Amino acid sequence: MASWSAPSPSLVEYFEGQTSFQCGYCKSNFGSRSHGMWAHSMTVQDYQDLIDRGWRRSGKYVYKPVMNQTCCPQYTIRCHPLQFQPSKSHKKVLKKMLKFLAKGEISKGNCEDEPMDSTMEDAVDGDFALMNKLDIKCDLKTLSSDLKVSIESEEKEKEKSLKKEGSKDLIHPQAIEEKLGSGEPSHSIKVHVGPKPGKGADLSKPPCRKAKEMRKERKRLKLMQQSSAGAFEGFQAQGQPVSLLPKAKSNQPKSLEDLIFESLPEDASHKLEVRVVRSSPPSPQFKATFQESYQVYKRYQMIIHKDPPDKPTVSQFTRFLCNSPLEAEHPANGPECGYGSFHQQYWLDGKIIAVGVIDILPYCVSSVYLYYDPDYSFLSLGVYSALREIAFTRQLHEKTSQLSYYYMGFYIHSCPKMRYKGQYRPSDLLCPETYVWVPIEQCLPSLDNSKYCRFNQDPQAEDEGRSKELDRLRVFHRRSAMPYGVYKNHQEDPSEEAVVLEYANLVGQKCSETMLLFRH
């Protein structure tokens, strides 16, 4: 029984060296460079730790740009939702939505002052290039089948040895097979462990706040949750604008929730609902709406990206936006919907008009992608969805206090039209050398002078999470998990250690010890 409650380890396959492909931003043919690995499965804590080291996923492919070599350096950016105040342009988008819902009014003119709409499409061209490259490099089904056969051949023998040894260095083959197959993943719980005594504050958590401020916020969010209409998978949706929210004082600016959930007249022209459905493993709600969601995606790709009709296939959609390596986890102290991968669906008058693909992780909501019906481009859905995701993060924070950041993917300063993410403040950029967070205001002057920058101003500072003990790295080899210190004693290939060391330096010491690195 005890083994069932133990966290199920992540299983990854690292592709040595670097991958070069056409850049989705500057269109350079082979200028975009990155490291990559295929994640057969991954715990939400491991992925949280990886994105805090500059990694990002496209489907089950996880990649990290080679920052000092790639043509358009991509800096991980996170916003502070608890301190976020909508800007003038953000308020304009929210008011535009409310006018449309209330009276059916459609704003005239283009949205040049809202760049997210015009550039959101370009932001993922590189991701598609990665996925196309991956089709050549890795066939998950073939790899999984090969591994399954090797696991099954000695499954009975391994069960006997596990019962006898009880060693933590061996993982039950059935747990690994679970990860390689297409069935239900393990519902393990990974609980964050704080810093050891004497090691200082846990920098992954938000700074302390005044008790009075926290009480006020809890009260506001509680009212919002109680008054919202609609439910999704046992968790309250952010559906209808609410009239029971506390009114902002006349001398104070309206909060984000005040603007989003402003009450509508009873005879409103339109009804907007936001539903969050688990995409991996697919929930009944996700399956029931799959075809409608895919059709929105197909139209988006054809009209916005100018894709030919045969390009945005069901297979591409599933691989890129539905498949996820993240295991669904439901710890008692986590959000009611649990952790993992979800689709946030925007329903207008009973039909899907937009879908935000998100990951809910221990410390953040991570935005993966957005696609929408081009007929509703006038609603600036890129900006609107980002604001709703910030509000959603604040709502999740009410139940899970450590979940307090909104990760927006990558910030690309060298591409002017891709700077829109810097408008959501306060926000931080991740230093590409020491992996500490630095306020974006301190980074911009350096980025104006050089597209690649080390943001940490302390010249003596090092990457504290770097690999320090390679022998403690975990390897999955011949149906067994073992420390690299054991594995290397049986290896004759002199290049093997260089590859493993490259991987260890990229993922850091913590992930190298918690994730299993598959080796042939």
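**Exercise 1. Decide whether Val-383 is buried or exposed, and say where it lies.**

Step 1: Buried is under 20% relative accessible area, exposed is over 50%, and partly exposed is in between, using a 1.4 Å probe and protein chains only.
Step 2: apply them. Val-383 has 4% relative accessibility, so it counts as buried.
Step 3: Val-383 sits in helix H14; helices here are DSSP runs of H or I with at least four residues, strands are E runs of at least two, and both are numbered from the N terminus.
Step 4: look further along the chain. Tyr-424 is 41 residues from Val-383 in sequence, yet the C-alpha atoms are 9.9 Å apart in space.

A quick note on the model: it's predicted, so local features need pLDDT of at least 70 and side-chain atom pairs count only at pLDDT 80 or more, while totals for chains, interfaces and linings use all residues. Residues are numbered from 1 along each chain as its sequence is written, and side-chain values use heavy atoms, leaving out hydrogens and water.

**Exercise 2. Work out how H3 packs on H14.**

Step 1: find the geometry. H3 (residues 88-103) and H14 (residues 381-399) cross at about 100 degrees, with axes 10 Å apart. Axes are lines fitted to C-alpha atoms, for helices over the stretch in contact, and angles run from 0 to 180 degrees between N-to-C directions.
Step 2: classify it. That angle makes H3 roughly perpendicular to H14, a label covering 65 to 115 degrees.
Step 3: list who meets whom. His-90, Val-93, Leu-94 and Met-97 of H3 touch Leu-381, Val-383, Tyr-384 and Leu-387 of H14, where contact means heavy atoms within 4.5 Å.

**Exercise 3. Which face of H15 is buried?**

Step 1: pick out the buried residues. In H15 (residues 440-449) these are Ile-440, Cys-443, Leu-444 and Leu-447.
Step 2: look down the axis. The buried residues of H15 fall within an arc of 110 degrees, so they line one face of the helix; the arc is taken from the directions from the helix axis to the C-beta atoms.
Step 3: recall the helix rule. An α-helix has 3.6 residues a turn, so residues three or four places apart point the same way.
Step 4: check the other side. Gln-442 and Asn-449 are exposed on the face turned away from the buried side of H15.
Step 5: name the partners. The buried residues of H15 pack against strands S5 (75-79), S12 (405-411), S13 (427-430) and S14 (437-439).

How values were computed
Parallel < 35°, antiparallel > 145°, perpendicular 65-115°, else oblique.
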